[in-house]
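The structure is shown first, and the notes follow by topic.

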Amino acid sequence: MPSRQRTTRQIALLFTLFYTCAALLLSLGVYAFGEHALKRQLDDRIAADTAVLSQIHREGGLAELKAGIARREYRSVNNLGYLLVDRAGRRLEGDLPIAAARLGRSTIEFRDIDGEDVEARALGTRFADGSQLIVAAETAPIVALRQTLIPLFLASLAVMSIGGLAGTLWLGRSIRSRI
């Protein structure tokens, strides 16, 4: 009789372990996919706005580009930050509180007007006249996703574990009553 009880417990614990691992893997997949999708969305927004501003620069020069950035910042058209510097690195336009950023995609850090450290995704572009444009978006949505998903994942893991243990007890009693 003790070997049957042990076998029953082992089967039930195997099911518990399986479903807990399945919940964990599913949660990790959702977390990784969600973070990747948000980063891609931020990068796409930045790239699209950079393309529009680059077109403005090609068609109207530096003065039109400065005006385009000023309009975006004044109207708060989007949640993007801008920095336009000349060949010597002097700020021409933009409220992004950084000195400069590297060309291409990067992650930058700066202190916002409230004095908080902020991380942002950025895209730096250099124009033929030597000026450089940086367009950036804060990664706050990604941080918010993390802060939401991690407790949910832990809760789902706890529910799966508790459910598995309850199932273990139920299955054990059910099998023992039939033996």
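This is a predicted model: local features need pLDDT of at least 70, side-chain atom pairs count only at pLDDT 80 or more; totals for chains, interfaces and linings use all residues.

Leaving aside neighbours within four places in sequence, the contacts of Val135 are Ile46, Asp49, Thr50, Leu53, Leu80, Gly81, Tyr82, Arg121, Ala122 and Leu123. A separate core, the second, has 12 residues, among them Leu83, Val85, Ile98 and Val118.

**The largest nonpolar core**

- Val135 also belongs to the largest nonpolar core, which has 14 residues.
- Val135, Leu53, Ile69 and Leu133 are the residues with the most contacts inside this core.
- At least two residues of this core come from each of α1 (2-75), β1 (80-85) and β5 (132-138).
- The helix α1 gives the most, with five residues.

**Strand β5 and its partners**

- Strand β5 is largely enclosed by the rest of the structure, because six of its seven residues are buried.
- β5 pairs with β1 in the antiparallel sense, over six bridges.
- Within this part of the model, Leu83 stands opposite Ile134 of β5.
- β5 also pairs with β4 (residues 117-126), again in the antiparallel sense, over seven bridges.
- Arg126 has Gln132 in β5 as its bridge partner.
- β4 and β5 form a hairpin, with five residues between the two strands.
- Gly130, in the turn of this hairpin, has a positive phi of about 95°.

**Ser106 in β3**

- Ser106 is found in strand β3, which covers residues 104-111.
- Its relative accessibility is 8%, under the 20% limit, so Ser106 counts as buried.
- Beyond its neighbours within four places in sequence, Ser106 is in contact with Ala120, Arg121 and Ala122.
- Of these contacts, Arg121 and Ala122 are also in contact with Val135.

**Met160 in α2**

- Met160 lies in helix α2, which covers residues 140-178.
- The relative accessible area of Met160 is 28%, which falls between the 20% and 50% limits, so Met160 is partly exposed.
- Leaving aside neighbours within four places in sequence, Met160 is in contact with Tyr19, Thr20 and Ala23.
- From Met160 to Ser177 the separation is 17 residues in sequence and 25 Å in space, C-alpha to C-alpha.

Methods:
Residues are numbered from 1 along each chain as its sequence is written. Side-chain values use heavy atoms; hydrogens and water are left out. A nonpolar core is a set of buried Ala, Val, Leu, Ile, Met, Phe, Trp, Tyr and Cys residues joined through side-chain atoms within 4.5 Å. Buried means under 20% relative accessible area, exposed over 50%, partly exposed in between (1.4 Å probe, protein chains only). Helices (H or I, at least four residues) and strands (E, at least two) are DSSP runs, numbered from the N terminus. Contact means heavy atoms within 4.5 Å. Two strands pair if DSSP finds at least two bridges between them.
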